[in-house]
Amino acid sequence: MEDTIYVAVGKDVNENKLTLSWALRNFREKNFCILHVHQLAQIITAIRTRYAMSGLEEHELVYVRDSKVMQKIQKNKALFDDFEAKTAVERERKNLQKILDRYILICSQIGVHATKLFIEMDDIGKGIVELLHRHSIKKLVMGAAADKHYSE
């Protein structure tokens with residue numbers, strides 16, 4: 001849509017409210033779309049690592065570079081099977097929808113209709129560029145626009 005203003009947001013709604021508020025104030029009569037790059041692979045890696053480390057005793061945390069401790073970590077990582085990974089992926093996708101719904105709620109509370117658009121990609125910059133290309137996005141608001149030092 002030619003008149004749509006796309007607002008790039010992160011997963012922390014409180015940190016990104018300012019950007020969304022700025023866009024809503026400055027483009028009052030426009031359609032809005034909340035845009036997000038979901039770094040799912042990084043989230044799953046962090047969950048898998050936390051799971052692996054959870055099997056260690058407190059005294060072993062000091063010796064993480066020890067080969068026996070590393071073997072224990074690898075064994076615990078292996079226990080994080082495909083089912084648990086798929087469950088974690090589903091949970092993270094549901095969590096993302098809840099986050100995006102909070103942005104939509106902010107818009108609807110002031111009478112602005114907004115849609116949501118996201119992509120799963122490790123690199124946020126590449127994800128934004130991909131969305132710009134796929135959806136022929138012409139108007140994008142990003143975090144710096146909300147800061148008076150970066151906008152006119």
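**Cysteines, cores and helix 5**

Biologist: What makes C107 count as buried?

Modeller: In this predicted model, C107 has a relative accessible area of 0%, and since buried means under 20%, C107 is therefore buried.

Biologist: And C33, is that residue buried or exposed, and how do you know?

Modeller: The relative accessible area of C33 is 4%, which is again set against a limit of under 20%, so C33 is buried.

Biologist: How many disulfides does a search of the whole structure find?

Modeller: The search, taken over the whole structure, finds zero disulfides. C33 is in none, and the cysteine sulfur nearest to its own, that of C107, is 9.8 Å away.

Biologist: Which residues have the most contacts inside the largest nonpolar core?

Modeller: That core has 20 residues, and those with the most contacts inside it are V7, L20, L24, F32, I34, Y103 and C107. Two or more of its residues are given by each of strand 1 (4-8), helix 1 (13-26), strand 2 (31-38) and helix 4 (82-109), with helix 4 providing the largest share, seven residues. Apart from this core lies another, of 10 residues, including Y6, A8, L117 and I137.

Biologist: With which residues is V7 in contact, leaving aside its neighbours within four places in sequence?

Modeller: Taking contact as heavy atoms within 4.5 Å, V7 is in contact with T19, L20, A23, F32, C33, I34, L35 and V141.

Biologist: Which residues of helix 5 are buried, and why do you say that they line one face?

Modeller: In helix 5 (residues 124-134), the buried residues are G127, I128 and L131. Seen down the helix axis, they fall within an arc of 100°, so they line one face of helix 5. The face turned away from that buried side carries K126, V129 and H133, which are exposed, while the buried residues pack against strand 1, strand 2, strand 3 (114-120) and strand 4 (140-141).

Conventions
Residues are numbered from 1 along each chain as its sequence is written. This is a predicted model: local features need pLDDT of at least 70, side-chain atom pairs count only at pLDDT 80 or more; totals for chains, interfaces and linings use all residues. Side-chain values use heavy atoms; hydrogens and water are left out. A nonpolar core is a set of buried Ala, Val, Leu, Ile, Met, Phe, Trp, Tyr and Cys residues joined through side-chain atoms within 4.5 Å. Buried means under 20% relative accessible area, exposed over 50%, partly exposed in between (1.4 Å probe, protein chains only). Helices (H or I, at least four residues) and strands (E, at least two) are DSSP runs, numbered from the N terminus. A disulfide is a pair of cysteine sulfur atoms within 2.5 Å. The arc is that of the directions from the helix axis to the C-beta atoms.
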